[in-house]
Amino acid sequence: MAATWMSVVVMLGVVADVYSVRSESDGQPCASVHADSSVVAMGSPVEATCVITNDCPLLTGHTGDVEWRLDDVVLPGIPTVNRSNRTYRVVIPSFQRTRAILTCCILTSPMQIIGGVEIRAGYPPSVPQNLSCQTNLSTHRSLTCNWKASLEATHLPTKYTLHTHIGSLNQNHTYDLPPGVQRYTIPRTGFVLFSEMEIYVKAVNQLGEASSPQLTLEPISSAKFDPPKIVKIQVVQFGCLRLRWDLSQHQHWMKDYVSLEVRLKTADSSQWNQPPTLAPRVVSKKPVDRCHLLHGMQYVAQIRVQYQQSPWSEWSNSQSAMTMERAPTGLLDTWMRVARDHVHKQLQMLLFWKPSQRFRANGRNVSYVVSVQKVVSKRGTLCATAERHCTFQVPQRARKVYVIAVNAAGKSSPTQVRIYHPKAHEAILNVSAVALDNRSILVQWKKITSGILVDYVVEWRPLLQNDLSLVQFELAGRNMSSIVITGSFEPYKPYGISVYPRFKDGIGRPQTVNAYSLQKAPSLVPHVTIQVNWQSHVELTWNEIPLDQRNGIIRSYKLFYWDEARRVHVAIGDLEERRLVLTGLNALSVYDAVLMVSTDGGSRNGSMVHFDVKGIDRVAVVLMVVLPGVVLALLFIFMVVACYTKESRLKVRFWPIVPDPANSSIKSWTSESTQDVISPWDRDEPNPVYLSHLSFLELPMKQNKEDDDNSWSNRQDDTSDLGESICGSPFLPTFSSSNSDSVPYATVIFPTPNSPPQQHAHVYLRSESTQPLLASEELQSPKRYQNLACDGSHGEQCFFGPCGCPEEEEEEEEAEPAIHWDDFPFLSSLAMNETH
């Protein structure tokens, strides 16, 4: 805008310079420029002429050619020339500038401007719209009119005027308006309250004028009254209130009829009853009655007034009153939880109720009585309370109870409550709860298709409070699968919502979900604890966030961790177990981690934790990797060699040949048969396989052989403690000494190493232990050992000890024959171990 005005100023200066070029004789200008009009409509053609005087000094020595310019732009084409009187003419087909300078120039060197004219273009004024007037009847009475001018600019100065005509007085008034003002207040002397007047607005500029539609009104009918006042509210009859009212002190003089509107609401409601009640044509101070109201209800009232078509006044101050009480009417909506007490054979009841759509308390102080009878009596009363819940017990055979509302005017009809026992019916599934806004939650569930289904009960309560008065419920029909519950839900607080199915014979199992009316990020993030840290993985856990600090339903646990190279990784934690395991970690790096907890309303990051992996050194790694392979290879080679080698002695070391006692005899256990099992390095040792049931006793050499023989012969009956038991061999895992409880089979007696060589065979004594060899044997008579024969002629059996066959027992008692060691191949093998 500043640049435009600067160009205009420059052009005006150019025009001034043009007029400074004058003839030398009389001081007149060299030329004059004329246009059809200095103000034209936008887009219309413009015609201009330039007349050069004969004595203009600029024409000396020049042809007198002329050039036209619009501001600094040369107009195209050759202007029309009349050289006889030196008149030059130009036509602009469409003038598109709001303001420009048209100049006439002589083509000299340098070029000279000899004349010019300013041309403006615009639009005629538009018609003013939305003319309205309003009378003020307060202290300063006046009539204020408003209108709206067109948004399109005219580009030309436009003048607005307000015109009034009072018909009863035949008076006309014109009010000039400041530029740009679209509002004017007519003083009190310019109008009469109860006389009609005509009002309009005119707009004028250089291209024309326009007037608004004429407005005809009576000033009093356009007056906006001050808010009236309610003087008093009276109770006249059941369900009716009478309002006494008056106009404000500035309108006390008004005695004509006005219209009155009354609106009411209950004291505990935030919404006014819609629509307000209209009372047309009422006189000030005349009372107005409102009926068909609820009984015993506290009401708040407001009023406002209007005169004919005038605007409504503002609402008056509020006044309250209570209607007359009556006995409660209608039934209650109920919901009952039942629990069995098998010890006392009682039913533990928790009953909730609330007013139904048809219930009317009809009083202020309403209490409730729960009884087993329809008529209230002390004997049948279970509880009486002003709350809307009650806990009591009834016998298990009870089928129904009754709830009765009571106020000062009487009692309501009893509401029958059927006792529904818990039943193992089909349970509710797929329950979900989504907040619609801060005051409502949409609850949905999967509908049950059952012929005995009665309805659904939707119960909700704040989880952070245990007050039963905060429990609320809604009943839904059997064909419904969703419901919108409303109430004063606190933001960021959890609510438990349960859906119960009620059947004809009982209540089914519910499903409960948590819901929030508004969610945000949790108030805190739990601390992360390292549970396991070994080799290349780390197990992290954290505690559950307290319910009062979640601020929403936890949707995810995300762990962001990075190593020293700042490579960031993300892991998702388990919602239920609240743990995660990080694998593939580098044992040479230290990791930083941050846990982020997210709800539907936002996320919060916890504090940073640091951890590393407890690795093992390189030597241990090599041993763990290489050593098992080496051991397995050696074991494989050894097994191959052991299986395919021709040396039987090596096999015997790992797979010894143990004869089967059930399919062999001791007689067949010859030394030749045991040569394979006797290794070169233990030739001097007893065979550990075949000597496991023998014991040896070394005795000092006697001076007298007879004494020695006699001593042994005298002690033949007491040999149970001569050496170690055969069963207690030191080569067996259950080895025991001679003093143990084991039973020796036999004892072999041979001299000590320092004793002289014996001339006779080794002494072999049978043990006379009282312990039986087997459970089936008799104590005094051990069975015959089946591996020996009495002689070579026949194969009859004999016992250890004095040998003899059954036929020769009497002879053996008289004389003891010599022992033939050839008959004892196993004992004869002991001769190799004798020390000489």
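Trainee: Is valine 626 buried, partly exposed or exposed?

Mentor: This is a predicted model, and the label rests on relative accessible area. Buried means under 20%, exposed over 50%, and partly exposed lies in between. Valine 626 has 45% relative accessibility, so valine 626 counts as partly exposed.

Trainee: Where does valine 626 lie?

Mentor: Valine 626 is part of helix H2, residues 618-644.

Trainee: Which residues make the nonpolar surface patch?

Mentor: The patch consists of Val626, Leu627, Val630, Val631, Leu634, Phe636, Ile637, Val640 and Val641. Its area is about 800 Å².

Trainee: Let us turn to cysteines. How many disulfides does a search of the whole structure find?

Mentor: The search finds 4 disulfides. A pair of cysteine sulfur atoms counts as a disulfide when they are within 2.5 Å. One of the pairs is cysteine 50 with cysteine 104, where the S to S distance is 2.5 Å. The angle about that S-S bond is -85°, and the link is left-handed.

Trainee: Which strands hold cysteine 50 and cysteine 104?

Mentor: Cysteine 50 is in strand E3 (residues 46-52), and cysteine 104 is in strand E8 (residues 99-106). Cysteine 50 has 0% relative accessibility and counts as buried. Cysteine 104 is also buried, at 0%.

Trainee: Why is the disulfide of cysteine 133 and cysteine 145 called right-handed?

Mentor: The name follows from the torsion about the S-S bond, which is about 105° here, so the disulfide is right-handed. Cysteine 133 lies in strand E10 (residues 129-136) and cysteine 145 in strand E11 (residues 142-148), so the bond ties together parts 12 residues apart in sequence. The sulfur atoms of this pair are 2.0 Å apart. Cysteine 133 is buried at 11% relative accessibility, and cysteine 145 is buried at 0%.

Trainee: What is the S-S torsion of cysteine 240 and cysteine 291?

Mentor: It is about 120°, so this disulfide is right-handed. Cysteine 240 lies in strand E20 (residues 240-246), while cysteine 291 lies in the loop between strand E23 (288-290) and strand E24 (298-306), so the pair ties together parts that are 51 residues apart in sequence. Their sulfur atoms are 2.1 Å apart.

Trainee: Are cysteine 240 and cysteine 291 buried or partly exposed?

Mentor: Cysteine 240 counts as buried, at 3% relative accessibility. Cysteine 291 is partly exposed, with a relative accessible area of 27%.

Trainee: Now a sheet. What is the order of strands in the open sheet of 4 strands?

Mentor: In general, strands of a sheet pair through backbone hydrogen bonds, either parallel or antiparallel. Here the order is E22-E21-E24-E25, and the pairing is antiparallel. The edge strands are E22 (277-282) and E25 (319-322), each of which pairs on one side only. On average, neighbouring strands of this sheet are turned by 30° against each other, direction ignored.

Trainee: How many bridges join strand E21 to E22?

Mentor: Strand E21, residues 258-266, is joined to E22 by 4 bridges, and the two strands run antiparallel. For leucine 260, the bridge partner in E22 is alanine 279.

Technical notes
Residues numbered from 1 in each chain as written. Predicted model: local features only at pLDDT ≥ 70, side-chain atom pairs only at ≥ 80, totals over all residues. Heavy atoms only, no water. Pairing = 2+ DSSP bridges. Axes fitted to C-alpha atoms, helices over the stretch in contact; angles between N-to-C directions. Buried < 20%, exposed > 50% of the residue type's maximum accessible area, 1.4 Å probe, protein only. Patch = residues over 30% accessible without salt bridge, like charges linked within 9 Å, V, L, I, M, F, W, Y side chains within 5 Å. Areas by Shrake-Rupley, 256 points an atom, 1.4 Å probe, with all protein chains shown as cover. Salt bridge = Lys/Arg side-chain N within 4 Å of Asp/Glu carboxyl O.
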